[in-house]
Amino acid sequence: GRLEAVTQQMGYHPQYLDSFLKTQHYLMHMDGPLPFDCRHYIAIMAAARHQCRYLVNLHVLQFLRAGGDPQWLRGLDFIPPKLRNLNEINKILAHRPWLITKEHIEKLLKISEWSWSLAELVHAVVLLAHCHALASFVFGCGCEQDEGLGGRGLLKPLSPGNQCFCEATTSNGFSQELLRISRKRSLDSCMELDSLREHMQRIHVETEGREETRLLQQDREEGEGQGAEMGVQGGTERRADLSVGLFPLADTDGEVTGATNLACYMQDPDFGYQDFARRDEDQTQVFRVQDYSWEDHGFSLVNRLYSDIGHLLDEKFRMVDGLQSSAMAKRQGCEPSVFKRGIWNYIHCMFGIRYDDYDYAEVNQLLERMLKVYIKTVTCYPEKTNPEMFDRFWKQFKHSEKVHVNLLILEARMQAELLYALQAITQYMI
């Protein structure tokens, strides 16, 4: 038994971890507009945008535990149109959130058989932003290499345990009330891993059997019209597709494994981050926090449409801002608040968000080049991060201080995505 990697890393800052777990638990397991299986599938879609196998595999397990349809795990072509329609906003939020417009919101909310309600969409948007930002943390701290999810096992267990960060825990003094709620309400506790493996293997066998019968029947029908040879070839190709699409399966050792390719959860995989202020083309206008901020606008909107989540998110934003960073700031020769604000504003700047009362010349003075390269990589294209980058930057800093930087990246990125999405929703409502 061991604490998995995200909990290990965030555990360097227990107060923040407590706040994170409460938010995660509320998003995934408490009352809300979206069904439980859909929440985990949305998380899979979000994590796949950054090729984060760690999060995809975790939420695949959670999706099945919540009673999700295993056929959905074959990819976007096998899910309801309503969920599939979320793909566009997922793609844009993950890579270029400044492109979100009220037209994207209107398309999802329009009157039709597959329309979203405002409350459902806000829940989905928070989930997407949460998982995109968490993917940055996973890659930034090397959690993608966790041995429990098929990586190289670079991280050592800090203390005994057997809980995923998706499940609330009382380790390090976390709330007893949260554990009571978790035991009572969480869908995660109803199935042990061994029975889950058996469940997935049974699903695999049953699905293969049904698909084989269907393909044989289809081959016979094709053979009658086009000849037996063509029917056999068609059936062979379709069976090959099925073997690739089923996910997850059990390997030869009986361990749960994921798909080798996450492309089935994505459309337009080449769509990625581009610098907001590219000089060779016109860009969307800069997002000015003075015109639309989390404190004055986003908080009240999200809290009104998805009860209490605004309070939890606000607590998490404030918690990361309040973490002690005196050692980091001292090494950089400045006050802790100045240093943290430099990192936060630099991240928002990469997404086109500007503060009129901030002198951006401070960023270059506060953040050395290697640190800026690291922050930009983890924020904008985290899948390109590797454990060596984590080890190289700030060699003189403690591991906990590096984790602190990654927590700032997580929260600043999440707030940036939320600001764009919530502003678009506000414009639609007006």
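1. The structure holds 0 disulfides, a disulfide being a pair of cysteine sulfur atoms within 2.5 Å. In general, such a link is a covalent bond between the sulfur atoms of two cysteines. Cys143 is in no disulfide, and the nearest cysteine sulfur, that of Cys141, is 5.4 Å away. Cys143 is buried, at a relative accessible area of 0%, whereas Cys264 is partly exposed, at 26%. Buried means under 20% relative accessible area, exposed means over 50%, and partly exposed lies in between (1.4 Å probe, protein chains only).

2. This is a predicted model, in which local features need pLDDT of at least 70 and side-chain atom pairs count only at pLDDT 80 or more, while totals for chains, interfaces and linings use all residues. Residues are numbered from 1 along each chain as its sequence is written, and side-chain values use heavy atoms, with hydrogens and water left out.

3. The structure holds 15 aromatic pairs. Rings of Phe, Tyr and Trp (its six-membered ring) pair if their centres lie within 6.5 Å; planes under 30 degrees apart count as stacked, over 60 as edge-to-face and the rest as tilted. One of the pairs joins Trp294 and Phe317 edge-to-face, with 5.2 Å centre to centre and 90° between the planes. Trp294 belongs to helix H12 (residues 294-305) and Phe317 to helix H13 (residues 309-322), so the pair ties together parts that are 23 residues apart in sequence. Helices (H or I, at least four residues) are DSSP runs, numbered from the N terminus. Both Trp294 and Phe317 are buried.

4. Tyr358 and Tyr360 also form an edge-to-face pair, with 5.0 Å between the centres and 85° between the planes. Tyr358 is buried, with a relative accessible area of 8%, and Tyr360 counts as buried at 16%. A charge sits over a ring if NZ of Lys or CZ of Arg is within 6 Å of the ring centre and within 35 degrees of the ring normal. The charged end of Arg96 likewise sits over the ring of Phe271, 3.9 Å from its centre.

5. Ring pairs also link Trp98, Tyr273, Phe276, Phe351 and Tyr381 into a cluster.

6. Lys102 is found in helix H7 (residues 102-109) and is partly exposed, with a relative accessible area of 38%. Not counting residues up to four places away in sequence, Lys102 touches Ala424, Gln427 and Tyr428, where contact means heavy atoms within 4.5 Å. The C-alpha atoms of Lys102 and Met429 are separated by 8.8 Å, although these residues are 327 residues apart along the chain.

Key
Helix = DSSP H or I, 4+ residues; strand = E, 2+ residues; numbered from the N terminus.
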